[in-house]
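Please read these points with the sequence and the 3D view open side by side.

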Amino acid sequence: MSELYFLKNRGNPESKTIDFYLAHGGYEALKKTLKSFEPNDVIEEVKKSGLRGRGGAGFPTGLKWSFVPQDNPNPKYLVCNADESEPGTFKDRYIIEHEPHMLIEGMIISSYAIRSHLAYIYIRGEFVQGARILEEALAEAREKGFLGKNILGSGYDLDIYVHRGGGAYICGEETGLLESLEGKRGWPRLKPPFPAVVGLFKSPTIINNVETLANVPLIMERGGDWYSQLGPNPKNAGIKLYCVSGHVNRPGLFEFEMGMNLKELIYEHAGGIYKGHQLKGVIPGGSSTPVLRPDEIDVSMDYDSLAAIGTMFGSAGTIVMDETTCMVDALYNLERFYAHESCGQCTPCREGTMWMVKLLRRLEHGEGTVEDVDLLADIAGNIMGRTICPLGDAAAMPAKSFVQKFRDEFIEHAKQHKCPVKKDKSIKVTDANA
Amino acid sequence: MPTLKIDGKEITVKPGMSVLQAAKKLGIEIPHYCYHPALSIAGSCRMCLVEIEGHRKLETACSTMAADGMVVHTDTPAVQKARKDVLEFLLINHPLDCPVCDKAGECYLQDYDYTYGTAHSRFRKEDKRVRPTKELGGNIHYVTNRCIMCTRCVRFYKDVVGDEYLFVENRGYKSEISVFPGKELHTKMDGNITEICPVGALLDKDFIYQARVWHLDHTKSVCPGCSAGCNVDLQTQNNKIYRTRSRQNMEVNEFWICDDGRYLFHKYEDLTRVESPLKRAGDKLNVTSWDEALSIVHDRLALIKKSDGAKFIGAVGSVFASNEENYLLKKIVKDEIGSTNLFVYAPVPEGEDLSFKSGFTIYADKSPNRKGAELIFGKLNTDFWKAIEKGDIKALYVLNADVDFKLTDAQKKSLKKLEFLAVQDFYMSDIAKLAHVVLPGTYFAEKTGTFTNHSGRVQRFSKALQSPGQSKEDWAILVELGKRFNPDWKMASASDVMNDLAENEKAFKGLSYFKLGDQGIQIA
């Protein structure tokens, strides 16, 4: 796909209004869907498209929708996960703030597909402006008859509410999100049962990421078959927003087909490494995905290719680190985040994340030992796969991969009793926990 | 009905049963902290991880439902390692102050670490998280540093009490248990959280620093605090009760007791006990021997029977006395003396029953054995005052077992009309002070017997303490007295009395202490 979909109106402040959206073909996909598609046909179309969850896990969207038990007498809910908080990720925020109707149209079609009459957008608490824009966009859509009773004369009813999050990373975990949406503490739930069967208010619930839902109008407009042709293969199909941050000359948000080469993304589209420095490491898909060394980045950015080299596509939040980055310090920073955001419900994550922080602080401040390096990797292994929700894994994966791939640097910290890296002091980082 | 295999043993269980429960049925212990059979599933301590064939990761046995064809392993190297790792995580910030911790000896962190943990710590002790202890209200003392965040206490209020008092404050490694702002623990159920807390975090201020738990003797008993008949464990040392804990009985109190019952034993500690038999000399009660005291009672009653007739002799049983005691009193008065003037002391319940979400109820009827008294005496005749006033009764034998027994001035005046008043009592109650003879009895912790609770369940309580001085178990006093009237009485133990009762009282037919066991039998 040579033309842009998400970013086609970049820089145009009008893009968020419904008039602009309608003038450029907006809500046509909804009209088409309500007119000539049965709900199950929408699910089939999305299955055909090969669309996979853009929140990070990459679960096939159409398949997820088909898990909603239609014989359940309870209402069905669609929940849009707009709690974008993964460090390095800023794609949903763009959609919310600049293309809110793309999301709303996608939500209406998706709700129709799962026969839901009430949908929620759970938006990260800090996204104050985004919440306001969504409220305005929803009011516009309601006024135009895209929401409410009998949408476009189809007999289908739907309303969408915006719910602002309470301010915790864990509320982006889908079951933590549901608890929070129900007004409780955002503690992830045990699974099974999965939300598609027992979700919000004990009713069948589909939770999809903003970008996932915003893809749906395009799929319905051009067809699942067409969409599945985009990208390297039908299992990794479609278009994708890539977030590039860190030591590059042109950080920002990029849109390509699935399967953009990571090296090309960094060196061509993001303008190469900052100040002509050398590349040291890349976190490809948001802070929780295992780090890559420079010799590993000639890889297609898609779910399966990245999994094949031991990392994850995640949310495509690519974080680039140059030679002035201390990998111990970088991991220390990351683990402080995860320790701070651990909900504290289960033992390995609550205790393990803070233990890792304490070890890393010691290593970075020259008080660590060589044994601490192995201990760190070992603790990460003891958290991995043993927790209720993926936050434990999210904290463990960077630790394991940083130690594995930059082991020498960790050992040097212990041997020299100080940080051996010449850091670029022009970039200020505040050390809240030091 | 799913059939699964755990450690090579096959078992068929009810649908909806967890792997942990199924393993328990097979006698396989899967260690756990957050799981409690009476509470909702948290699945958060991660101690009960097991290996299930075909599953990618280890699963929590508490939250994984048993499924047909499931093959579970609870003791593989992966499971053993997971347990070690969880224990290591739980212990890094634990103060390891077992020598001064009240929970030592009954602490699951200790027990599991000995069984499943490692002896060495890889954690630098200077890194330990230190937080102040807190008072949560009532008798509950919270040692924050020892808490492992299993949230049993939080779920106890939610699931059992039905009103949320506790919650987890803060997040992650800063998490701790707190009382909701503006609330304070005062639910009459609070003591239970000190029992379900698997570590030394929640402590009962009534017991703190009083004893080491391994020194305590345990006696199976029944709480006499109301008609619920909660099963309790009296924990004693050097002939003193240190604490009362609940004893599981799924038919009665499940896992719980109320705080009224928990601290009831203190009520008996302040009483002035009668330590030897007493006989009246004018205004004074003088110490006498058992032989003389019983002879006086026998002789005076026999004399009144002879001069005035048996119907002028009355006796007062009690809804606070055991089945055995009431039965023996009836046997003496009806069979040996030949009077039908059997009264029962049975105060009218005040207020209403207090029920909690789980169904646990504190009954307004504060007597433990009203039902039993009804089964032995028939309709309870409580109005002995009128009979005394009218002069229909000249001699009265009173069996008092109520710690709160009080007399009005008018009642005291009435009693003075009696020619003879014998009182069997364990403390210097209002009525004992007016007696011609006082026979020193005992309270529930010092004797053996049975109560019949509100639902008609007969349950045994056993002697936990030696009674002071020359006082005796009440059934033994009554047997001795009975023998004065009829030397053929052969009963020599509380168990013998129960056998006699079971032979002669229809409702109790066929019962014996052996059959009652620890959990009692429903008879009505």
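Why is helix α8 (residues 174-181) of chain A largely enclosed by the rest of the structure?

1. Seven of the eight residues of α8(A) are buried, so the helix is largely enclosed by the rest of the structure. Buried means under 20% relative accessible area, exposed over 50% and partly exposed in between, with a 1.4 Å probe and protein chains only. Helices (H or I, at least four residues) and strands (E, at least two) are DSSP runs, numbered from the N terminus.

2. The buried residues of α8(A) are T175(A), G176(A), L177(A), L178(A), E179(A), S180(A) and L181(A). Their cover includes four strands of chain A: β1 (77-82), β2 (118-123), β3 (159-164) and β4 (205-209). Just after the helix, G183(A) has a positive phi of about 90°.

3. A note on the source: this is a predicted model, in which local features need pLDDT of at least 70 and side-chain atom pairs count only at pLDDT 80 or more, while totals for chains, interfaces and linings use all residues. Residues are numbered from 1 along each chain as its sequence is written, chains are lettered from A and ligands numbered from 1 in the order in which they are written, and side-chain values use heavy atoms, with hydrogens and water left out.

4. Chain B has 16 helices and 25 strands. Its C-alpha atoms fill a box of roughly 90 × 50 × 40 Å, taken along the principal axes. Of the 524 residues in chain B, 59% are buried. Contact means heavy atoms within 4.5 Å; among contacts in chain B between residues at least 6 apart in sequence, 66% join residues at least 24 apart.

5. Strand β1 (residues 3-6) of chain B has alternating side chains.

6. Which strands pair with β1(B)? Two strands pair if DSSP finds at least two bridges between them. Strand β2 (residues 9-12) of chain B runs antiparallel to β1(B), with four bridges joining them, and K5(B) stands opposite E10(B) in β2(B). These two strands form a hairpin with two residues between them, and D7(B) in the turn has a positive phi of about 50°. Strand β5 (residues 71-73) of chain B runs parallel to β1(B), joined by two bridges.
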